[in-house]
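Thanks for coming. I will go through one structure today, starting with its salt bridges and ending with its cores. Please have a look at it first.

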Amino acid sequence: MTIQNGLNGQLRVASDKSITHRAIILGALAVGVTRINHPLLSADTWQTIHAVEQLGVSVEVTEDQALIITSPGALAIRSNHFQQPLQFDFGNSGTTTRLMIGVLAGLGIPATITGDASLTRRPMNRIVALLANYGAEIQTTDGHLPVTIHSGITADAINETLAVPSAQVKTSLMLAGLSAGISVVIFDDFKTRNHTENMLSSFGVAVDCQAEMIFVAGNQQLVATTVTVPADMSAAAFWLVGATLQPNSDVVLTDVNVNETRSGVLTVLRRMGANITLTHERTQNGEPIADIQVTSAEMLIGTTIAGMEVPTMIDELPILALALALSRGDSRVLDASELRIKESNRIVTVTKTLQAFGAQINETPDGFLIAGVDHLQVPNQPLVDYDDHRIAMLQAVAKLLTSNVKLREEIGTIAVSYPDFYKDLAVLIHD
């Protein structure tokens, strides 16, 4: 199918996955009835819903697709003596897994956690080892799933400096402290995504953030509230890049989270020469929100992405690599070894995917070396998505640029984070 008229139209892309996970868990720890408007209801977030339901929390989906969470609160859950260790299978959701390890360790609830083949390859020691330092007895399988929590944390405070740029690790520690009712001090020199800190005030929890330090005092009870989830920058990034690269495009993406810890992709694309404008900027549940207009760029210039920029776009790097591959000159992505422990080894899978389209890209230990080309080619072999939703969407956008897109492809792996991906694509090409 040839996309002669570019990508045009207005969309509200999939809601923010990270914020939805956190809203569900904080709603489960809060006393009362929490309403979550515009949640992302995807394969991953359903894992978190099922997880809190096993703790005795009620979750209902309304006719307008909001979530209603009714909970007695963390203290009551902590006082509930479960007859048998809980059994969890979190499928492909690394966020559910790492955050719930913190929650369960804080509540002191014995449990065994497993997942699918992809999830069992992802490292869990980065959080388990930290929780063990605070008295939790947790057993891993060579640092991976299955993980068995025998007993919870016993310390009267958590004080930690992040050794890796992981918001999941940071949030897991914060949730452990909140669940146990103890104070938490975390130093985050990486400035990882701060959705948990932003959201806690909506639940009545005082958070003191000063420079790299985050402090949450102990014995604070979460109170039920209403959370409205914005659109996800990680989902928006596919159309930002697609519209930038596809001639005759003009796309408006509404209600997008433009939190500075998540919006590095905007900074880099603009630096490369993309035409991106933010309008209707406002704040919602502590998160900055805006509508984003993107039009075709005549030419992009290659760039280097490294250091503190990387955590602000770690999930967007696969699709951003496509923009780098079609830019003039050489580009480098450095300091992104975190990509190796995502749903797939994204340094390998992005490289193989773009090479199949004729891009001049090579992997390095912590990123990519890319020499820009004028155009892509249709792959001469069937593509493999490596069971990774972001790789599958990268391949779809790359196909769009080679006039080789099929709108009726199975959603498959993409359902993890963006169930309406192909429906939204149909809107933009007016199919």
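R262 and D232 form a salt bridge, with 2.9 Å between the closest N and O atoms. Keep in mind that this is a predicted model. R262 sits in the loop between β14 and α9, and D232 in the loop between β13 and α8, so the bridge ties together parts that are 30 residues apart in sequence. Are these two residues buried or exposed? R262 has 2% relative accessibility, so it counts as buried. D232, at 5%, counts as buried as well; the cut-off for buried is under 20%.

Next, E363 and R340. Their closest N and O atoms are 3.1 Å apart, in another salt bridge. E363 is in strand β19 and R340 is in the loop between β18 and α11, so this pair ties together parts 23 residues apart in sequence. Here E363 is partly exposed, at 39% relative accessible area, and R340 is also partly exposed, at 24%. There is a network too: salt bridges with shared partners join R122, R193, D315, K342, E343, R346, D388 and R390.

How many salt bridges does a search of the whole structure find? The count is 21. One of them is between the side chains of R12 and D255, at 3.4 Å from N to O. R12 belongs to the loop between β1 and α1, and D255 to strand β14, so the parts tied together are 243 residues apart in sequence. R12 is partly exposed at 28% relative accessibility, and D255 is partly exposed at 26%.

Helix α10, residues 317-325, packs against helix α11, residues 346-356, at an angle of about 35°, and the axes are 10 Å apart. The crossing of α10 past α11 is right-handed. On the α10 side the contact is made by P318, A321 and L322, and on the α11 side by R346, V350 and L354. By class that gives 5 nonpolar residues, no polar ones and 1 charged.

Last, the cores. L322 is also among the residues with the most contacts inside the largest nonpolar core, along with L269, L317, L320 and F421; that core has 74 residues. Which helix gives the most to this core? Helix α8, residues 233-245, with 10 residues. As for L317, leaving out residues up to four places away in sequence, it touches I305, V310, V333, A336 and L339. Apart from this core lies another, of 67 residues, including I69, V103, V147 and I182.

That is what I have.

How values were computed. Residues are numbered from 1 along each chain as its sequence is written. This is a predicted model: local features need pLDDT of at least 70, side-chain atom pairs count only at pLDDT 80 or more; totals for chains, interfaces and linings use all residues. Side-chain values use heavy atoms; hydrogens and water are left out. A nonpolar core is a set of buried Ala, Val, Leu, Ile, Met, Phe, Trp, Tyr and Cys residues joined through side-chain atoms within 4.5 Å. Buried means under 20% relative accessible area, exposed over 50%, partly exposed in between (1.4 Å probe, protein chains only). Helices (H or I, at least four residues) and strands (E, at least two) are DSSP runs, numbered from the N terminus. Contact means heavy atoms within 4.5 Å. Axes are lines fitted to C-alpha atoms, for helices over the stretch in contact, and angles run from 0 to 180 degrees between N-to-C directions. A crossing is left-handed if the near helix is turned anticlockwise from the far one by less than a right angle, and right-handed if clockwise. Ala, Val, Leu, Ile, Met, Phe, Trp, Tyr, Cys and Pro count as nonpolar, Asp, Glu, Lys and Arg as charged, and the others, Gly among them, as polar. A salt bridge is a side-chain nitrogen of Lys or Arg within 4 Å of a carboxyl oxygen of Asp or Glu.
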